[in-house]
Amino acid sequence: MVVVEALDGSGKLIVGGGFERAVEQDEGLHTILHLIHAGRRYLAVFPIATAIGDDESMATIEIEGLTKIYDNGFEAIHDLNLKVADEEFLVLVGPSGCGKSTALRMIAGLESITGGTLRIAGRVMNDVEPKDRDIAMVFQNYALYPHMTVYDNIGFALKLAKVPKKDIDTRVRRAAATLELEDLLDRKPGLLSGGQRQRVAMGRAIVRQPAAFLMDEPLSNLDAKLRVQMRAEIAALQRELAVTTVYVTHDQIEAMTMGDRVAVLKDGRLQQVDAPQNLYDFPANVFVGAFIGSPSMTLFEATVRLSGHSGSVTIGSNEIGLAQECLIKYPSLRDYDGEPVIVGIRPEDYQDAALVPEVPENRCISARVSVLEALGSEIMVHFRIDAPSVDSGDPDAIEEKIGLDTANAVGRFDPRSRVKLGDTVEVAISTENMHFSIPGPAWLSDSNAGRGRNVDVLKYRRRRDHRFDAPRRPVARS
Ligand SMILES: Nc1ncnc2c1ncn2[C@@H]1O[C@H](COP(=O)(O)OP(=O)(O)OP(=O)(O)O)[C@@H](O)[C@H]1O
Ligand SMILES: [Mg+2]
């Protein structure tokens, strides 16, 4: 049943419930609803953006100014603002200790909310008991009851809730069919594989038919191959069930492959929330730039030089010509002539120059290959560049201390490349895809800084808001 406003045949406004929605028809910018009321048919026309409540089924999660201060005074979440749309799969990602579980547990009601507002399906939930929030949570340690069969494990919460036996049976069997566990219903968890146990844990959440799923690293106990399989299964299942989901992980590949949108958290602060490809192409700051993407983009301190319509960037002893696209994408680079900037280069934007036809000479650097990993479909080539590297602020990043003025770069070379370990190779750089940012205030006042220091991404971003343009995005198609 839908609650709407509609005009009847004579133009009289009918408000409220009592309609049955018959057909929903998308007409360009409008949605036309064919409504049935007391045996008569009405048409209602809505702008396409209007949310029409199937009143109970709109399970949005809205977080406004959410703060968590633990009893010991530690502020784990600062002013978090996030809106998860109905049926959306939102991934919360960030390094260990950034507050992902804290945020999720506050949504679940397992952790008290210090400040701000949490709404689920439009209802303020700050002080509502976890069991009354209509959510189901799947944890990393999804302890199954070892003495119960798969069937009883899946149905246990329903039994506690005194759901009639017949309904439990229907729901358990339906969940088991969805998860392909039908043949295992009589088994005990000890006789299941890791992936099967994971599916039983999912089954327990599904049978409750919640408004939202909250998942905290549900795959981290599985081996790498199973993780890849299960992440595809969970993503497909979520689409099939169309249940609003918040999924926590510290694995950015999981985040990129599973989420409709990804929210990146660092030190309890939201850095950016966007569709996976947008995070990759338009990171809001150096932290997101380095955190999303594997291997990470390399970050260097560099100097920009501009003359007329052309520009270059000096990275260590290399002066690299900038592609026109670069100056178009970052118009305010023009304000930085002769000034220090931070340059980010992704692995795929380095290539063996021997394989790039007609690459301009000033787009190449010479570098010695220090590590070579042939993966079949690509070759990961590690080389050093004599420019100071920049710390992205990711505490989980693999640190490699290689001298103050040398940065380690990784290129994703074509497998046809003939480079060998120890070779000095000409590396072509696709400068049109370079990312630019400006250094934090500490750097500007301290000429000796910038080596292994933490870039304060938030100060960074604030400065950037008024001093430095974000790259121009392509206009989204409507
Ligand atoms: N009960 C508590 N009292 C005080 N501090 C806490 C408490 N629980 C967690 N913290 C701190 O809050 C921060 C966020 O913890 P949280 O568990 O949310 O991180 P996380 O992002 O889930 O990390 P991980 O990826 O390791 O699971 C951490 O610094 C942690 O030490
Ligand atoms: Mg956690």
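**Exercise 1.** Is Ala-242 buried, partly exposed or exposed, judging by the other C-beta atoms within 10 Å?

*Solution.* Before counting, a word on the model: it is predicted, so local features need pLDDT of at least 70 and side-chain atom pairs count only at pLDDT 80 or more, while totals for chains, interfaces and linings use all residues. Residues are numbered from 1 along each chain as its sequence is written, and chains are lettered from A and ligands numbered from 1 in the order in which they are written.

Step 1: learn the cut-offs. A residue is buried if 20 or more other C-beta atoms (placed from the backbone) lie within 10 Å of its own, exposed if 12 or fewer, and partly exposed in between.

Step 2: count. Ala-242 has 13 other C-beta atoms within 10 Å, so Ala-242 is partly exposed.

Step 3: Ala-242 sits in the loop between helix 5 and strand 12 (244-249); helices (H or I, at least four residues) and strands (E, at least two) are DSSP runs, numbered from the N terminus.

Step 4: check the backbone. Ala-242 isn't a glycine, yet its phi is positive, about 50 degrees. Most residues other than glycine have a negative phi.

**Exercise 2.** Work out how Glu-87 is placed.

*Solution.* Step 1: look at phi. Glu-87, also not a glycine, has a positive phi of about 70 degrees.

Step 1: find the loop, which runs between strand 6 (75-84) and strand 7 (89-93).

Step 2: count again. There are 18 C-beta neighbours inside 10 Å, so Glu-87 counts as partly exposed.

**Exercise 3.** Describe the shell around ligand 1.

*Solution.* Step 1: a residue is near a molecule if its C-beta atom, placed from the backbone, lies within 6 Å of it. Of the 13 residues around ligand 1, Tyr-70, Ser-96, Lys-100, Ser-101 and Thr-102 come nearest.

Step 1: helix 1 (residues 100-108) gives the largest share, three residues.

Step 2: turn to cover. Seven of the nine residues of helix 1 are buried, including Lys-100 and Thr-102.
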